[in-house]
Amino acid sequence: MSENDSRTLWVAIIGSGPAGYYTAEGLVKNAENIRVDIVDRLPTPYGLIRGGVAPDHQSIKGVMRRYEKTSGNENVRFLGNLEVGRDVSLAELREMYDAVVIATGAPNDRRLGIPGDDKAGVVGSAAFVGWYNGHPDFADLSPDLAVKSVAVIGNGNVAVDVVRVLAKTTGEMAASDLTSYASHAIQASAIEDLWMLGRRGPVEAKFTHKELGELGELENCVALVDAGQIPDELGDIPEKAIPVKTKNLNHLRAFAENDAGDKPVRLHIAFCARPVEILGDKRVTGLRLEKTRFEDGKYLGTGKTFDIECGLIVPCIGYLSDPMEGATFDEGRGLFPNEDGKIEDRLYVVGWARRGPTGTIGTNRPDGMGVAERILAEVSPRGKACCGGLDRIASERGFRITSFDDWKKIEAAEIKAAQGVAPRAKISHIEEMLTLLDKC
Ligand code: NAP
């Protein structure tokens, strides 16, 4: 490695989630004379792995070890607590680096767009999941859980995560890294009824069978569904979808046999019901839904509505990326228009910022690796020797960059503070992280 070698390719990746890390891995595995700086606005790395993946799905979070290996490569550097657009502009990064990759994910909730969706008590899944996972943006959200009924809108795996986290007991969450404030709020809540509402049918639902099956194994919560909503046949669906959909229907058939009186909390899974209005004065008191029917390959409104009472509504209906000054953005789709990951000369995009909020963690691997391959094939070093550029700007402008070693200190403190079999006790405020680093 030669930092000021004019043949060194300098790449900045904005965002340290899975897509950013797989891109970094693809770059350093396939090139020697390269330096990759992974920039993140939080002092901590890993994006959705830390702030989005459900706290009781620790095996999924195990992929952090792979990203840690990439960070251990001498040509990779993590620069945390550095926000592009606040501390440094995209234009400045593009000036300093031979290529820049946007890997900022899709951190914003898509709005329902129905009357009342701005009432107190409507909390989108980005915020709600961020809250229970200790994301610094949402750690102080304090959603009101002193409610008897919660409506979770959507039939994807995020909706399943939210109802499961709300339904599990302290014992069931013992081996998770659920934040202690969320754990206390959930256990002290008055929730008796949870709703998971899909606007289409059980076959079209996007959740997967393993995740759906977990809803049938909850200690204090019984999953219920009206047997009349479950079709006998899958209908005309792509062959590769048949195994998952078959298992989904089997789980639902088992839930339809359950007795509502079995457990203190009931999870009502309802299909063909699309939200049309959020009820209540300033605060949510209920949700109006319209029954839908299937016709000519489409789900259409029937005009028949029904109301459910609820004090909290969590729409889990997808996410939008944040625009970034200096890069073309498609507001409607909430992503950066690109051609196979390329936005324009020397500017690339990966992950949810590239393709929208779809796929699993693993989907980001070919995505990031493919863009890395493309960068190595078409970008040549400009010999600008940008080494230390961001550190210089940080000292001139007075902001503080955190390193990967700093993250390891934060992680060590979190592991040390963990109770019982929990893997860590998360620190959720940036100030607290920086104070801890000052003391180390
Ligand atoms: P998703 O899978 O796309 O599901 C979104 C749900 O919201 C769909 O049921 C959709 O219905 C519904 N929806 C959208 N707009 C709506 C509206 N206006 N009114 C009512 N319903 C609406 O998204 P997600 O659950 O947010 O998950 C995002 C990605 O992360 C997915 O790829 C998911 O598989 C992945 N993920 C995976 C895991 C895991 O592997 N354990 C966990 C969490 C997330 P339609 O289908 O009718 O559009």
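These legends walk you through close-up views of a predicted model.

**View 1. Five strands line up in an open sheet.** Reading across the sheet, the order is β8-β9-β7-β6-β13, and the pairing is parallel. The two edge places belong to β8 (221–225) and β13 (312–315); each has a single partner strand, so one side of each is left without a neighbour in the sheet. From one strand to the next, the twist averages 20°.

**View 2. Strand β6 meets β13.** Here you can follow β6 (residues 149–153) as it pairs with β13 in the parallel sense, over four bridges. To find your way, look for Val152, whose bridge partner in β13 is Val314. Helix α7 (residues 157–167) packs on the sheet and touches β6, β7 (193–197), β8, β9 (265–270) and β13. The direction of helix α7 makes about 175° with that of β7.

View 3. The domain assignment gives domain 1 (9–107 + 321–439) and domain 2 (110–318). Their centres, taken over C-alpha atoms, are 31 Å apart. Domain 1 brings 25 residues to the contact and domain 2 brings 26. About 1,900 Å² is buried between the two domains, with 51% of that area coming from carbon and sulfur atoms. In domain 1, the residues losing the most area to domain 2 are Pro55, Asp56 and Ser428, together 29% of what that side buries.

**View 4. Charged and polar pairs cross the domain interface.** Six salt bridges are found between domain 1 and domain 2, along with 14 residue pairs in polar contact. On the domain 1 side, the elements giving two or more residues to the part that touches domain 2 are α2 (48–51), α3 (58–61) and α15 (430–439).

Methods:
Residues are numbered from 1 along each chain as its sequence is written. This is a predicted model: local features need pLDDT of at least 70, side-chain atom pairs count only at pLDDT 80 or more; totals for chains, interfaces and linings use all residues. Side-chain values use heavy atoms; hydrogens and water are left out. Two strands pair if DSSP finds at least two bridges between them. Axes are lines fitted to C-alpha atoms, for helices over the stretch in contact, and angles run from 0 to 180 degrees between N-to-C directions. Contact means heavy atoms within 4.5 Å. Domain bounds come from an automatic or database domain assignment. Buried area is the accessible area (1.4 Å probe) that two parts lose on being put together, summed over both. A salt bridge is a side-chain nitrogen of Lys or Arg within 4 Å of a carboxyl oxygen of Asp or Glu. A polar contact is a pair of N or O atoms within 3.5 Å; within protein, one must be able to donate a hydrogen and the other to accept it, and residues adjacent in sequence count only if both atoms are side-chain atoms.
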